[in-house]
Amino acid sequence: MDENLYAVVDYILNKAHEGGLEVIQEALKRRLQDRNRLPMEYDPKSMAMEIASQIDDQVKKSVGSIKHSVRDYVTSLIRKHVPDIPEEHLTQLLKEWVPDPPGESRMRQGEPGDGPGNHAVPGEMLLTMISQFISYSTESMTASEQVRLEEEIPGWKEKYWALFPEGIRRLVRSYLEGQIGPDTCWQGVRKELAL
């Protein structure tokens, strides 16, 4: 089987997110609809490369979107807890904690809703971050997921931990140290996040 096809299958089975799977599904649907118009001899390698290219485009868009979202949430949290932080300090913190996506250099200032106290990391997003942190800490996270997170948010474990409220940290620490079970931990987490 062609090496590119292996890469596509591996991506679908192990790495694709919801948006990527939708792109793949649409590409396959279109390909099946066009089957009657295809010549009898077609090139599977070209087909695999075309699908891989579409997937790659979608992944790049998704990664950029995630980084922008995380950057905006971190900016909001910093401004909430240190309202009078000088802009140059904020810029430096963001450069270290949430680097710009490749090819971009931007620092949003003065946008609506960016003022002190207007944002916090939403509960559902924190829940995902906590789940990823625990999954990594209990060695149940796949290697590909670890690589993906590190590429998207370098130093993500430390950054996640810094964003967790103190009550969440206590629960996670107690669970990882074996003082409480998973059910107690997640009940406490949901209570802390009001979910």
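Biologist: Where do Glu 145 and Arg 148 lie, and how many residues apart are they?

Modeller: Both lie in helix H6, three residues apart, about one turn of the helix. Keep in mind that this is a predicted model.

Biologist: What makes the contact between the side chains of Glu 145 and Arg 148 a salt bridge?

Modeller: The N to O distance there is 2.7 Å. The rule asks for a side-chain nitrogen of Lys or Arg within 4 Å of a carboxyl oxygen of Asp or Glu, so the pair passes. In general, side chains of opposite charge can pair when their charged atoms come close.

Biologist: And which other residue's side chain meets Arg 148 in a salt bridge?

Modeller: That's Glu 152, at 2.8 Å, N to O. Glu 152 and Arg 148 are about one helical turn from each other, because they sit four residues apart in helix H6.

Biologist: Why is Arg 148 called buried?

Modeller: Arg 148 has a relative accessible area of 15%.

Biologist: What about Glu 145: buried or partly exposed?

Modeller: Partly exposed, with a relative accessible area of 22%. That label covers values between the 20% and 50% limits, so 22% belongs there.

Biologist: How do you know that Glu 150 and Lys 157 form a salt bridge?

Modeller: Their closest N and O atoms are 3.8 Å apart. The limit is 4 Å, so the pair counts. Glu 150 itself is partly exposed, at 33% relative accessibility. By this rule the total comes to five salt bridges.

Biologist: Moving to H5, how does its reach compare with what is expected at 1.5 Å a residue?

Modeller: H5 covers residues 123–137, which makes 15 residues, and goes 21 Å from first C-alpha to last, close to the expected 21 Å. The expected span is 1.5 Å times one less than the number of residues, so the two can be set side by side. After H5 comes Glu 139, with a positive phi near 60°.

Biologist: Which elements cover the buried residues of H5?

Modeller: The cover includes helices H6, H7, H8 and H9. Among the buried residues of H5 are Leu 126, Met 129, Ile 130 and Phe 133. Those four are also touched by Phe 164, which contacts Arg 169 too, leaving aside residues up to four places away in sequence.

Biologist: Which residues touch the most other members of the largest nonpolar core?

Modeller: Ile 130, Tyr 160, Phe 164, Ile 168, Val 189 and Leu 193, out of 25 residues in that core. The elements giving two or more residues to this core are H3, H4, H5, H7, H8 and H9. H5 supplies the largest share, six residues. There is also a second, separate core of seven residues, with Val 8, Tyr 11, Ile 24 and Ile 55 among them.

Biologist: Why is Thr 75 called buried?

Modeller: Thr 75 sits at 6% relative accessibility, and the limit is 20%, so the label follows. Thr 75 is in helix H3, and touches Leu 90 and Leu 94, not counting residues up to four places away in sequence.

Biologist: Which residues form the nonpolar patch on the surface?

Modeller: Val 9, Ile 12, Leu 13 and Leu 21, with about 330 Å² of accessible area together. Helix H1 gives the largest share, three residues, while Leu 21 belongs to helix H2.

Note on methods
Residues are numbered from 1 along each chain as its sequence is written. This is a predicted model: local features need pLDDT of at least 70, side-chain atom pairs count only at pLDDT 80 or more; totals for chains, interfaces and linings use all residues. Side-chain values use heavy atoms; hydrogens and water are left out. Patches are made of residues with over 30% relative accessible area and no salt bridge: like charges are joined within 9 Å, nonpolar side chains (Val, Leu, Ile, Met, Phe, Trp, Tyr) within 5 Å. Accessible areas come from the Shrake-Rupley method with a 1.4 Å probe; for residues, only the protein chains shown count as cover. Buried means under 20% relative accessible area, exposed over 50%, partly exposed in between (1.4 Å probe, protein chains only). Contact means heavy atoms within 4.5 Å. A nonpolar core is a set of buried Ala, Val, Leu, Ile, Met, Phe, Trp, Tyr and Cys residues joined through side-chain atoms within 4.5 Å.
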